[in-house]
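User: I would like to learn how to read the features of a protein model, one at a time, with the general idea first and the particular case after it. Could you take me through this one?

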Amino acid sequence: YPALGDITLMDGDMANELLEQTKSEARYKGSAKALTKAIREWPAHSGRPKAEELVASRYFQSQIRSGVLDFDCLLQVGYDLVNRIGRSTVAAHKPPFRHLLVDEFQDSGFVDGCIYRALPKDSVFYVGDGDQAIYGFRGGDVGVMLKQGRTPGSKLITLENNYRSAALICGAANKLISNNRNRFDKQT
């Protein structure tokens, strides 16, 4: 990896141009949706890689060589560094972090969740409201939070009082939101 001080974050246009170039060089003809998923969920690949995962790998490698990373690649580098910290810490039998607090958990993506799980820690506290998830367009996936909240050993605490809006507004919002299937039930 380039030294952390030598990393530049590329803008969306640069990222799109590099991705198009990578797809062309790899002669990728698959779906854009599958490729985006492979890029955003890179640590999940296993076994024989699919075409999307091969393109994602080339895409990340070209960024790492240049030291100019898009946001997804920056997360991948962070995930790899956290894994290195975790392995060295396990060998020393002492986590470097006692507690981890993650706020706005509902907007975490797949790689974010991998980083949180991989960080060597004694405890973790997630704060989020699935009904306020707004970053799906950027890879945020409320399912990351829902899966963690349903994991054995996790304790879910819902805040039932709303101090920002009148009961009439909360009631109307709850009636509408209750139709969503992928959420934790709550009263406010």
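**Reading the model**

Analyst: There are seven helices and four strands in the chain, where helices (H or I, at least four residues) and strands (E, at least two) are DSSP runs numbered from the N terminus. Read from the N terminus on, these elements follow the order β-α-α-α-β-α-β-α-β-α-α. This is a predicted model, in which local features need pLDDT of at least 70 and side-chain atom pairs count only at pLDDT 80 or more, whereas totals for chains, interfaces and linings use all residues. Residues are numbered from 1 along each chain as its sequence is written, and side-chain values use heavy atoms, with hydrogens and water left out.

User: What share of the 188 residues in the chain is buried, and what box do the C-alpha atoms of the chain fill?

Analyst: The term buried means under 20% relative accessible area, exposed means over 50%, and partly exposed lies in between, with a 1.4 Å probe and protein chains only. Buried residues make up 31% of the 188 residues, and the C-alpha atoms fill a box of roughly 55 × 45 × 35 Å along the principal axes. By the Shrake-Rupley method with a 1.4 Å probe, in which only the protein chains shown count as cover for residues, the chain exposes about 12,700 Å², and carbon and sulfur atoms supply 54% of that area.

User: How should I read the contacts in the chain?

Analyst: A contact means heavy atoms within 4.5 Å. Of the contacts in the chain with a separation of 6 or more, 67% are between residues 24 or more positions apart. With residues up to four places away in sequence left out, Phe 125 touches Leu 100, Leu 101 and Val 102. Its relative accessible area of 48% makes Phe 125 partly exposed.

User: How many salt bridges does the structure hold, and which side chains meet in them?

Analyst: Side chains of opposite charge can pair when their charged atoms come close. A salt bridge is a side-chain nitrogen of Lys or Arg within 4 Å of a carboxyl oxygen of Asp or Glu, and the structure holds six of them. One of them joins the side chains of Glu 41 and Lys 37 at 2.8 Å, N to O; Glu 41 is partly exposed at 26% relative accessibility, and Lys 37 is partly exposed at 48%.

Another joins Arg 138 and Asp 72 at 3.0 Å, N to O. This pair links distant parts of the chain, with Arg 138 in the loop between β4 (121–126) and α6 (142–149) and Asp 72 in helix α4 (residues 71–92), 66 residues apart. Arg 138 is partly exposed at 29% relative accessibility, whereas Asp 72 is buried at 11%.

The side chains of Asp 131 and Arg 183 also meet, at 2.7 Å, N to O, and this pair too links distant parts of the chain: Asp 131 is in the loop between β4 and α6, Arg 183 is in the segment after α7 (167–177), and 52 residues separate them. Asp 131 is partly exposed, with a relative accessible area of 25%, and Arg 183 is buried at 10%. Salt bridges that share partners also join Arg 40, Asp 72 and Arg 138 into one network.

User: Where is Asp 107 found, and how far away is the nearest side chain of opposite charge?

Analyst: For charges, Lys and Arg count as positive and Asp and Glu as negative, while His and the chain ends are not counted. Asp 107 lies in the loop between β3 (97–102) and α5 (110–118). Asp 107 is buried yet has no salt bridge, and the nearest side chain of opposite charge, Arg 138, is 11 Å away. Beyond residues up to four places away in sequence, Asp 107 touches Gln 132, Ala 133, Ile 134, Tyr 135 and Gly 140.

User: How many disulfides does the structure hold?

Analyst: A disulfide is a pair of cysteine sulfur atoms within 2.5 Å, and the structure holds zero. Cys 73 is in no disulfide, and the nearest cysteine sulfur, that of Cys 114, is 15 Å away. Cys 73 is buried at 0% relative accessibility, and Cys 114 is buried as well, with a relative accessible area of 10%.
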